[in-house]
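Please open the model in a viewer and keep the selection tool at hand.

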Amino acid sequence: MEKFKTIISPAVPITTENIDTDQIIPARFLKATTRDGFGDNLFRDWRFNKNNEPITSFPLENPKYSGNVLVAGKNFGCGSSREHAAWAIADYGFKVVISSEFADIFNNNALNNGVLTVTVTPEFLASAFAAIDSDNNTQIKVDLENQFVELMATGEKNEFQINGYRKECLLNGYDNIDYLLAQKGKIEAYETNRQS
Amino acid sequence: MGKTLFDKIYDKHVVSSIPDGPDVFYIDVQYIHEVTSPQAFAGLRKRGIPVARPNQVCATPDHNVPTENQHLPIQNELSRHQVATLVKNCQDFGIDLYGLEHPFQGIVHVVGPELGISKPGMTMVCGDSHTSTHGAFGSIAFGVGTSEVEMVLATQCLMQQRPKKMRITVDGTVRKGVTAKDIVLYVISKTTAAGGTGYFVEFAGSAFRDLSMEGRMTVCNMSIEMGARGGLIAPDQTTFDYVKGREFAPKGADWDKALAEWEELYSDEDAVFDKEYNFDAADIEPMITYGTNPGMGIGITQKIPTAADIGSTTVKEVESFDKAMEYMDFKPGEVMLGKPIDYVFVGSCTNARIEDFREVAEIVKGRQKAENVTAWLVPGSKQVEKQIYEEGLAEIIEAAGFKIRQPGCSACLAMNDDKVPAGAYCVSTSNRNFEGRQGPGARTMLASPSTAAATAIAGKIANPSDFID
Ligand code: SF4
């Protein structure tokens with residue numbers, strides 16, 4: 001996995017709440033057997049109409065928004081466990097998703113794919129939407145090392161939580177499976193213990 | 001201080017703990033299906049490692065399978081390839097597979113319990129959020145992403161953060177026509193679709209105690225729809241009776257030993273939960289959803305609320321509510337009862353067990369399906385299908401003008417050919433009413449099998465209580 005570095009970028013806002021993974025990546029795109037190419041179908045049915053023409057009122061297809069930070073309404077990523085949702089977000093080029101609340105499984109899936117989920121207060125989320133609204137190119141800084149996100153225009157900051165292990169993994173590009181494979185001895189000892 | 005049931009099981013499965021980090025958490029059984037596993041196997045191949053414990057993995061194809069002519073090759077090329085990939089991966093890695101031709105095939109969350117693989121006190125995962133179903137046995141079961149599927153295939157362990165605990169108690173007796181599905185839709189309408197985020201839920205109280213195992217599975221299945229990681233119900237005689245004698249249930253002395261352990265599985269009297277809800281079963285009527293998340297549900301005789309009625313106060317919340325209304329083409333103040341519909345779907349891992357088809361048969365017996373309704377009745381597994389015929393339910397259901405299809409996920413997520421057309425209304429016994437869930441533009445209303453059956457007869461949304469003597 002790539003190492004996570006501090007990001008300063010404009011952001012794409014999607015204010016809708018309770019965005020479920022069926023919207024992030026509709027089920028008909030889950031037939032692949034590889035991890036590649038899901039970005040094209042990220043938010044497919046909100047981005048394109050029946051004739052496959054872009055819907056420019058939707059932020060992802062609206063040229064005035066750009067950047068690798070997605071700011072979304074609360075309870076983002078609810079519903080299905082499909083990791084395809086996280087793959088689609090990563091493949092599209094987002095490195096960070098900011099919301100005031102994330103669904104648990106999505107949260108894990110995103111972090112397992114090097115996409116940082118940043119949980120901010122509802123007030124900060126509202127400020128972020130307002131800042132993007134007044135200047136589409138406003139810069140947002142995401143500093144994982146020091147665990148804060150900042151609206152550069154106003155200097156408004158919000159600290160965020162992440163457990164130490166997860167943070168180390170992201171900063172260093174470590175992978176959980178390598179860690180678990182190294183635990184083989186302990187796992188086998190656990191299994192033997194349980195038998196007796 | 002006493003322990004919750006969840007913690008009792010959790011503690012027994014911690015292999016080691018990382019300071020300020022997750023636990024290495026042991027998984028007893030992993031279920032897999034064709035959609036979320038291929039990339040995990042690809043990962044193992046890339047690393048050149050085997051599946052750690054192939055006999056602790058159970059596989060069956062369900063999401064993509066057709067529900068007619070299953071003996072023929074799957075028409076859609078991508079679906080066919082995904083199912084073939086599962087077959088090959090299971091062969092290459094030594095995993096037992098209940099393939100399309102196998103008498104045990106079906107929706108993974110129906111198959112595991114009916115084979116006696118899911119048992120009290122266990123930990124189970126699957127690359128599927130409705131793995132929460134198996135919590136009905138008094139076990140910890142939850143959905144994981146594909147990276148985690150790979151972790152468990154590789155090591156039989158996960159990196160797991162201990163969740164917070166919630167208890168939802170529903171006491172009292174339910175009214176006529178009220179089923180497990182109505183209880184859980186009611187609970188979610190109270191907690192909202194995000195109310196359980198960060199929690200693992202224990203369902204307690206007489207309303208759940210009185211349910212059959214099928215009913216308890218319906219409840220735990222939908223715990224994910226309130227945002228919870230999973231739900232569980234302490235095992236009791238109902239649980240033990242269900243498990244006993246099944247294909248993979250312990251036998252003889254092993255049974256006695258297992259039973260002694262299972263009888264210890266309950267939350268201690270003085271156990272403390274991070275959050276508690278209490279409801280009265282008598283307040284619950286048959287439920288139906290009117291919006292685009294499972295928390296948007298009401299009693300079937302009620303009117304669609306306004307955004308303010310359900311506590312939406314911020315501009316964003318109101319916008320999200322309006323968006324749902326626009327998608328469904330409904331308005332606050334309208335009555336759900338009597339609304340015209342086009343499709344009825346009885347199926348999915350929520351409600352496609354034998355008891356659900358008994359419910360349907362009871363309602364449709366001696367009646368006729370309305371002309372304007374297309375109905376899909378899809379058993380959860382080959383075993384359920386067989387039982388429907390053996391119990392004579394098929395005869396009753398077919399005489400009423402319905403057809404029984406073949407097992408699979410079907411119109412629950414419309415990855416196969418069973419898609420509800422854009423704009424059409426469908427009363428569905430599945431678990432999600434998200435935009436486009438049953439096909440692009442499809443409008444889903446979640447309800448119980450009884451409500452679905454009554455609606456299919458009436459040709460419009462109907463109250464099952466009017467169909468029961
Ligand atoms: S029936 Fe529906 S919810 Fe259940 S596993 Fe299949 S697709 Fe998922």
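**Cysteines between the chains**

Begin with Cys157(B): its sulfur lies 16 Å from the closest cysteine sulfur, that of Cys169(A), which is too far for a bond. A disulfide is a pair of cysteine sulfur atoms within 2.5 Å, and by this rule there are 0 disulfides over all chains. Cys157(B) counts as buried because its relative accessibility is 0%; buried means under 20% relative accessible area, with a 1.4 Å probe and protein chains only. Select Cys169(A) next: it is also buried, at a relative accessible area of 9%.

The model is predicted: local features need pLDDT of at least 70, side-chain atom pairs count only at pLDDT 80 or more, and totals for chains, interfaces and linings use all residues. Residues are numbered from 1 along each chain as its sequence is written, chains are lettered from A and ligands numbered from 1 in the order in which they are written, and side-chain values use heavy atoms, leaving out hydrogens and water.

**A histidine in helix H3**

Move to His84(A), which belongs to helix H3 (residues 84-92) of chain A; a helix is a DSSP run of H or I, at least four residues, numbered from the N terminus. Is His84(A) buried or exposed? His84(A) counts as buried, because its relative accessibility is 0%. Beyond its neighbours within four places in sequence, His84(A) has contacts (heavy atoms within 4.5 Å) that include Phe38(A) and, in chain B, Val35(B), Thr36(B) and Gln39(B).

**The ligand**

Definitions and conventions. Helices (H or I, at least four residues) and strands (E, at least two) are DSSP runs, numbered from the N terminus. Buried means under 20% relative accessible area, exposed over 50%, partly exposed in between (1.4 Å probe, protein chains only).
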